Amino acid sequence: MKDINKKRIYYSAAIPLFVLLFIWFIYLLQWGFNLSFTHYGIYPREANGWKGIYFSFFIHADLRHIFANSSAIFILLWILYYFFKDIANIVFPLCLVVSGLVTFIIGRPAYHIGASGTIYALFFFLIVSSLYRKNRKLTAISLMTVFIYGGLVWNMTPITQIIDPSISWEGHLSGAITGTILAFLFRKKGPGNDPEIIDEDDDSDDTNDAGPIKDNSEEIKENFKETDSNSKEIKDKSDENKG
């Protein structure tokens with residue numbers, strides 16, 4: 001059983017690790033050849049800006065940007081593939097595309113790049129999904145995720161633009177909306193509830209409360225003997241009367 005769990009942990013980490021390595025490959029390609037892929041980001045409501053819906057996830061501006069997203073990408077994807085292995089290959093692309101689409105609709109006129117929208121989508125998908133299920137492991141992991149990444153919620157309001165104009169709060173908000181909707185749509189998929197635990201002691205207590213069961217077999221035998229002797233007396237008397 002432990003070997004099976006270990007294999008599942010390793011397999012669940014495979015795709016997140018591949019995705020992370022590919023993101024770093026794209027970044028190192030930009031850095032090594034002095035390239036800029038920013039124009040492949042999302043530019044809202046522009047004819048050429050729609051391609052960023054698919055590509056912006058893989059593009060990062062600098063080391064600070066990619067470092068900030070790397071751990072979240074790996075951890076959230078690992079949780080997704082561990083607990084939702086049957087639908088992870090559907091949920092992950094939907095988080096990426098739908099959050100990008102919403103950003104394309106509501107975003108301000110600028111290039112929106114980075115994996116943040118998808119990170120927010122995954123974060124809210126996992127948190128909201130745990131509310132629909134009575135699964136202790138998923139709930140525990142989700143609470144731990146809230147503890148680590150709970151500060152994300154402060155970066156999805158217009159106030160963020162005042163503090164740091166380079167942050168795409170629209171992308172973050174788009175991800176939160178996407179993850180919440182997907183969690184609702186897939187609420188009947190993925191890990192089930194924990195099995196109910198029935199306390200057998202309760203049943204035994206009920207039996208004990210009823211009191212001990214008496215053995216009435218001896219009493220019944222005595223009653224039969226008494227009835228038999230009475231019938232004999234009646235028969236003898238009837239014989240005397242006849243005589």
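Visitor: Which residues form one aromatic cluster?

Guide: This is a predicted model, and that holds for each answer here. By the rule for aromatic pairs, the count comes to 15. One aromatic cluster is formed by Phe22, Phe25, Phe57, Phe58 and Phe92.

Visitor: Phe37 and Tyr40 form an aromatic pair; is the pair stacked or edge-to-face?

Guide: The ring centres of Phe37 and Tyr40 are 6.1 Å apart, and the angle between the planes is 75 degrees. Planes over 60 degrees apart count as edge-to-face. The pair of Phe37 and Tyr40 is therefore edge-to-face.

Visitor: Within that pair, is Phe37 buried or exposed?

Guide: Tyr40 has a relative accessible area of 34% and is partly exposed. For Phe37 the relative accessibility is 18%. Buried means under 20%, so Phe37 counts as buried.

Visitor: What percentage of the residues in the protein chain is buried?

Guide: The protein chain has 243 residues. Its accessible surface comes to about 16,000 Å², and 63% of that belongs to carbon and sulfur atoms. The buried share of the residues is 37%.

Visitor: Where does Asn69 lie, and is it buried or exposed?

Guide: Asn69 lies in helix α3, residues 63-83. Its contacts, leaving aside neighbours within four places in sequence, are His60, Ala115, Ser116 and Ile119. The relative accessible area of Asn69 is 7%, and the cut-off for buried is under 20%. Asn69 is therefore buried.

Visitor: How far apart in space are Asn69 and Gly114?

Guide: In sequence, Asn69 and Gly114 are 45 residues apart. In the protein chain, residues 24 or more positions apart account for 78% of the contacts with a separation of 6 or more. From C-alpha to C-alpha, the distance between Asn69 and Gly114 is 8.1 Å.

Visitor: Which residues is Phe123 in contact with, leaving aside its neighbours within four places in sequence?

Guide: Phe123 has its place in helix α5, residues 116-131. It is buried, with a relative accessible area of 4%. Gly179 is 56 residues from Phe123 in sequence and 7.1 Å from it in space, C-alpha to C-alpha. The contacts of Phe123 are Leu76, Thr145, Val146, Tyr149, Gly150 and Leu152.

Visitor: Which side chains meet in a salt bridge?

Guide: The count by the salt-bridge rule comes to one. The pair links distant parts of the chain, 62 residues apart: one partner is in the loop between α4 (88-106) and α5, the other in helix α8. The distance from N to O is 2.7 Å, and the side chains are those of Arg108 and Glu170.

Visitor: Which residues form a nonpolar patch on the surface?

Guide: Together the patch residues have about 470 Å² of accessible area. Ile177 is one of them, with its place in helix α8, residues 169-185. Its relative accessible area is 37%, which makes Ile177 partly exposed. The patch consists of Tyr132, Ile177, Ile181, Phe184 and Leu185.

Visitor: Which residue lies over the face of Phe184?

Guide: Over the face of another ring, that of Tyr82, lies Arg8, at 4.4 Å from the ring centre. For Phe184, the distance from the ring centre is 4.1 Å. The residue over the face of Phe184 is Arg187.

Visitor: What is the phi of Asn34 near?

Guide: Most residues other than glycine have a negative phi. Asn34 has its place in the loop between α1 (2-32) and α2 (52-55), and it is exposed at 72% relative accessible area. In the loop between α1 and α2 is also Arg45, with a positive phi near 60 degrees. Asn34 has a positive phi too, near 55 degrees.

Terms used. Residues numbered from 1 in each chain as written. Predicted model: local features only at pLDDT ≥ 70, side-chain atom pairs only at ≥ 80, totals over all residues. Heavy atoms only, no water. Buried < 20%, exposed > 50% of the residue type's maximum accessible area, 1.4 Å probe, protein only. Contact = heavy atoms within 4.5 Å. Areas by Shrake-Rupley, 256 points an atom, 1.4 Å probe, with all protein chains shown as cover. Helix = DSSP H or I, 4+ residues; strand = E, 2+ residues; numbered from the N terminus. Phe/Tyr/Trp six-rings, centres within 6.5 Å; stacked < 30°, edge-to-face > 60°. Lys NZ or Arg CZ within 6 Å of the ring centre and 35° of its normal. Patch = residues over 30% accessible without salt bridge, like charges linked within 9 Å, V, L, I, M, F, W, Y side chains within 5 Å. Salt bridge = Lys/Arg side-chain N within 4 Å of Asp/Glu carboxyl O.
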